[in-house]
Amino acid sequence: PAPAPAATVTPAAAAAAPPELPLAPAAHPRPVPREPREEIVSKPHASPSIRLFARELGVDLARVQGSGPKGRILKEDVQAFVKGALSVAAPAGATAAPAAGPFNVLPWPEVDFAKFGPVELKPLSRIQRLSGPNLHRNWISIPHVTQFEEADITDLEAFRKSNTAETEKQGFKLTMLAFLIKACVTALRQYPQFNSSLDKGGENLVIKRYFHIGVAVDTPEGLVVPVIRDADRKGVFDLARELGDVSKLARERKLKPGDLQGGTFSISSLGGIGGTAFTPIINAPEVAILGVSKSHLRPVWNGKAFAPRLMLPLSLSYDHRVIDGASAARFTAYLANVLADIRRTLL
């Protein structure tokens, strides 16, 4: 359809139209004075150190009941709040996922995976169900830092291979892990804070004068960590034989509870599988754990030329409340030197 013609105004009509009056300014209402009122801001009664402690745990102090003088919030109050929040079970029939305890993180997402494609429900193994909560506790409650290092094990690997035939005649394998245990004991003697634990109050360090080394063993049911006791009193052949025995017991699910207790330091070796580095989770109440990845050949400058050397990647996770970065660097450097010359274990 054709557009309607625009309206036109003739001169006569324009003359007859009454003149437009100027618009009066809009009347602004007079401001009403605000009635004075007292604004009360509730601020938790706590010292700066307690506020810092609560922030590190993600705790809202407004939700904590203080037990100190005049309702002052103490460290024990924050700890009790965290313990209570972690122990409270979800109410029966609840449909909404609660936030993860007092740590102010988003709730776990509830997703119907089946609407995206086929799925299969596979229950966790018994070991996974038991170890999962411990791993989660250790990860969120211990300030982890990981120090990475490489050890030249060219000569050590040659020595190991030269003795393999003899140990096989005796019915066991001489693995690199046996040398690692021996080297770690030497390093722990030199740096005893790595062979310690914090006491329950977190104010004292318990230095252990014994050396029980936990060794992570991969089984079809999951990871277990049997303990090699008094590793400082055993030779490399003895350690290799015991490693074979406990690994067999672990895979046959014949380990006893006592076989998993009393460790002072742990080793998690993935060298037989692969990888270049990783961050192992500390096995509380220990304060450090050594991760070992797959060794690899690479050129290393010897002062005159590049030479192929077999390098072993080391990953040391440590509790930063107990160990600082400089100490961790010294420990891994010392350990690498011991592995480069195993004769140091005799010193």
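Predicted model: local features only at pLDDT ≥ 70, side-chain atom pairs only at ≥ 80, totals over all residues.
Local features were considered only at pLDDT of at least 70 and side-chain atom pairs only at pLDDT 80 or more, whereas totals for chains, interfaces and linings use all residues. Residues are numbered from 1 along each chain as its sequence is written, and side-chain values use heavy atoms, with hydrogens and water left out.

Helices (H or I, at least four residues) and strands (E, at least two) are DSSP runs numbered from the N terminus, and two strands are taken to pair if DSSP finds at least two bridges between them. Strand β9, residues 288-292, has pairings with two strands described here: β8 (residues 265-269) pairs with β9 in the parallel sense over 4 bridges, while β11 (residues 306-319) is joined to β9 by 5 bridges and runs antiparallel. Val292 of β9 stands opposite Ser269, and Val292 also stands opposite Leu314 in β11. Burial was assigned from relative accessible area (buried under 20%, exposed over 50%, partly exposed in between, with a 1.4 Å probe and protein chains only). By this criterion β9 is mostly covered, 5 of its 5 residues being buried. In a regular strand the side chains alternate between the two faces of the sheet. In β9, Ala288, Leu290 and Val292 point one way and Ile289 and Gly291 the other way, and all of these residues are buried.

Strand β11 also takes part in an antiparallel pairing with β10 (residues 296-301), to which it is joined by 6 bridges. Within this pairing, His296 has Met311 of β11 as its bridge partner. The hairpin of β10 and β11 has 4 residues between the strands, and Gly303 takes a positive phi near 105 degrees there.

The structure holds 10 salt bridges (a side-chain nitrogen of Lys or Arg within 4 Å of a carboxyl oxygen of Asp or Glu). One of them is formed by the side chains of Asp232 and Arg189, with an N to O distance of 3.3 Å. Asp232 lies in the loop between β7 (227-228) and α8 (236-251) and Arg189 in helix α7 (residues 176-190), so the pair ties together parts that are 43 residues apart in sequence. Asp232 is partly exposed, at 21% relative accessibility. In the salt bridge of Asp319 with Arg321, the closest N and O atoms are 2.7 Å apart; Asp319 is buried, with a relative accessible area of 2%, whereas Arg321 is partly exposed at 48%. Asp341 forms a salt bridge with Arg343, in which the closest N and O atoms are 2.8 Å apart; here Asp341 is partly exposed at 26% and Arg343 is exposed at 61%.

Val111, Phe113, Phe116 and Val119 make a nonpolar surface patch of about 450 Å². Patches are made of residues with over 30% relative accessible area and no salt bridge, like charges being joined within 9 Å and nonpolar side chains (Val, Leu, Ile, Met, Phe, Trp, Tyr) within 5 Å; accessible areas come from the Shrake-Rupley method with a 1.4 Å probe, and for residues only the protein chains shown count as cover. Phe116 lies in the loop between α3 (75-87) and α4 (126-141) and is exposed, at 63% relative accessibility.

Several backbone features fall in loops. A cis peptide bond, with omega about 10 degrees, joins Ala284 and Pro285, and Pro285 lies in the loop between β8 and β9. Lys70, although not a glycine, has a positive phi of about 55 degrees; this residue is found in the loop between α2 (48-57) and α3 and is exposed at 82% relative accessibility. Arg253, likewise a residue other than glycine, has a positive phi near 55 degrees. Arg253 lies in the loop between α8 and β8 and is exposed, at 65% relative accessibility.
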